[in-house]
Amino acid sequence: RDRAQTSRTGLSVYPNPFRNSVNIYGARTTVQVYDLCGRLVARTEKGFWDGRDLNGRDVHSGIYFLKAQTYKPIKVVKLR
């Protein structure tokens, strides 16, 4: 896919799915990363997520949701 996936409120990510890191566009605040069970996995303010959890370990392959303060969550898929 050549385009970034965009949520209804303007938050977008690329690439999706991703292997090592995903770029996050449109967020002006901290982005929180949640797993499918709603557990907080990571936080980032850098404009990308490196696929690591709060303890610096690589997260498993799967579906995650990125949430910024004023945006609806956007789904990303991490591949191995």
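1. A word on terms before anything else: buried means under 20% relative accessible area, exposed over 50%, and partly exposed in between, with a 1.4 Å probe and protein chains only. On that scale R52 has 35% relative accessibility and so counts as partly exposed. Keep in mind that this is a predicted model, where local features need pLDDT of at least 70, side-chain atom pairs count only at pLDDT 80 or more, and totals for chains, interfaces and linings use all residues. Residues are numbered from 1 along each chain as its sequence is written, and side-chain values use heavy atoms, with hydrogens and water left out.

2. Overall make-up. Of the 80 residues in the protein chain, 30% are buried. Taking contacts (heavy atoms within 4.5 Å) between residues at least 6 apart in sequence, 44% join residues at least 24 apart.

3. Four strands form an open sheet in the order 5-4-7-8, paired antiparallel; two strands pair if DSSP finds at least two bridges between them. Strand 5 and strand 8 are the edges, each with a single partner strand, so one side of each has no neighbour in the sheet. On average, neighbouring strands of this sheet are turned by 30° against each other, direction ignored; the axes are lines fitted to C-alpha atoms, for helices over the stretch in contact, and angles run from 0 to 180 degrees between N-to-C directions.

4. Strand 4 and its partners. Strand 4 is joined to strand 5 by four bridges, antiparallel, and it also pairs with strand 7 in the antiparallel sense over four bridges.

5. Q32 lies in strand 4 and is partly exposed, with a relative accessible area of 25%. Which residues does Q32 contact, leaving aside its neighbours within four places in sequence? They are L40, A42, R43, F65, L66 and K67. Q32 and A68 are also worth a look, being 36 residues apart in sequence and 6.3 Å apart in space, C-alpha to C-alpha.

6. The core. A nonpolar core is a set of buried Ala, Val, Leu, Ile, Met, Phe, Trp, Tyr and Cys residues joined through side-chain atoms within 4.5 Å. The largest one has 17 residues, and those with the most contacts inside it are V13, I24, V33, W49, Y64, L66 and V76. At least two core residues each come from strand 3 (22-25), strand 4 (31-34), strand 5 (40-44), strand 7 (62-68) and strand 8 (74-78). Strand 7 gives the largest share, three residues.

7. Aromatics. Rings of Phe, Tyr and Trp (its six-membered ring) pair if their centres lie within 6.5 Å; planes under 30 degrees apart count as stacked, over 60 as edge-to-face and the rest as tilted. That rule gives two aromatic pairs. The rings of W49 and Y64 have centres 5.5 Å apart and planes at 65°, so this pair is edge-to-face. It links distant parts of the chain, with W49 in strand 6 (residues 48-49) and Y64 in strand 7, 15 residues apart. Both are buried: W49 has a relative accessible area of 2%, and Y64 has 8%. Ring pairs link F18, W49 and Y64 into a cluster.

8. Charges. Side chains of opposite charge can pair when their charged atoms come close. The structure holds four salt bridges, each a side-chain nitrogen of Lys or Arg within 4 Å of a carboxyl oxygen of Asp or Glu. R52 has two partners to check: D50, with the closest N and O atoms 4.0 Å apart, and D58, with the closest N and O atoms 3.7 Å apart. D50 is partly exposed at 31% relative accessibility, and D58 is partly exposed at 43%. Through shared partners, salt bridges join D50, R52 and D58 into one network. R57 and D53 meet in another salt bridge (3.3 Å, N to O), and R57 counts as exposed at 52% relative accessibility.
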